[in-house]
Amino acid sequence: MKKTKKIFIVAPSVAAIVVPTAALANVEFKDVNPTDYYAEAVQSLAERGIIQGFGDKTFRPANDVTRGQAAKMIAGILELNTKNVKDPEFKDVSHENEFYGAIAALAERGIINGFPNGEYKPDQPMTRHQMAKVI
């Protein structure tokens, strides 16, 4: 039986998610030091293609996580199919939106929902209570 260890995915102003992972190769971001408490979690997510960071090779750990980014991470962690999805018909999430597939996959499963006005607000920071509800 292959052993895994549990690590915490911690995003500032959000919650922690426990994810089993195997040993991975290093992925480096200029602004994530190996001694940072979240470094192993960031490395794990990057190695699995769940996060990519930014074009300047930074992760920006102090930035808020948007609702769209959170949807992408959660859908990736759950290994959801983000290609063959039912349109959740959020007014502010077009098919061209980079987070559309993840948002649609999570909405289809009832993991996330939008606001009463029919929007999802993918660019708005995800609050701790919103993340707690998703988890």
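Visitor: What should I know before looking?

Guide: This is a predicted model, in which local features need pLDDT of at least 70 and side-chain atom pairs count only at pLDDT 80 or more, while totals for chains, interfaces and linings use all residues. Residues are numbered from 1 along each chain as its sequence is written, and side-chain values use heavy atoms, with hydrogens and water left out.

Visitor: Where is confidence lowest, and where highest?

Guide: pLDDT is the predictor's confidence in each residue, from 0 to 100. Strand β2 (residues 16-21) has the lowest, at a mean of 44, and helix α3 (residues 100-108) the highest, at 98. The mean for the protein is 84.

Visitor: What makes helix α1 mostly covered?

Guide: Seven of the nine residues in α1 (residues 39-47) are buried, and buried means under 20% relative accessible area, with exposed over 50% and partly exposed in between (1.4 Å probe, protein chains only). Among them are Val 42 and Leu 45.

Visitor: Why is α2 called roughly perpendicular to α3?

Guide: The axes of α2 (residues 67-77) and α3 cross at roughly 70 degrees. Angles of 65 to 115 degrees count as roughly perpendicular, under 35 as roughly parallel, over 145 as roughly antiparallel and the rest as oblique; therefore α2 is roughly perpendicular to α3.

Visitor: Which residues of α2 and α3 meet?

Guide: Contact means heavy atoms within 4.5 Å. Gly 68, Ala 71, Lys 72, Ile 74 and Ala 75 in α2 meet Ala 102, Ile 103 and Leu 106 in α3.

Technical notes. Helices (H or I, at least four residues) and strands (E, at least two) are DSSP runs, numbered from the N terminus. Axes are lines fitted to C-alpha atoms, for helices over the stretch in contact, and angles run from 0 to 180 degrees between N-to-C directions.
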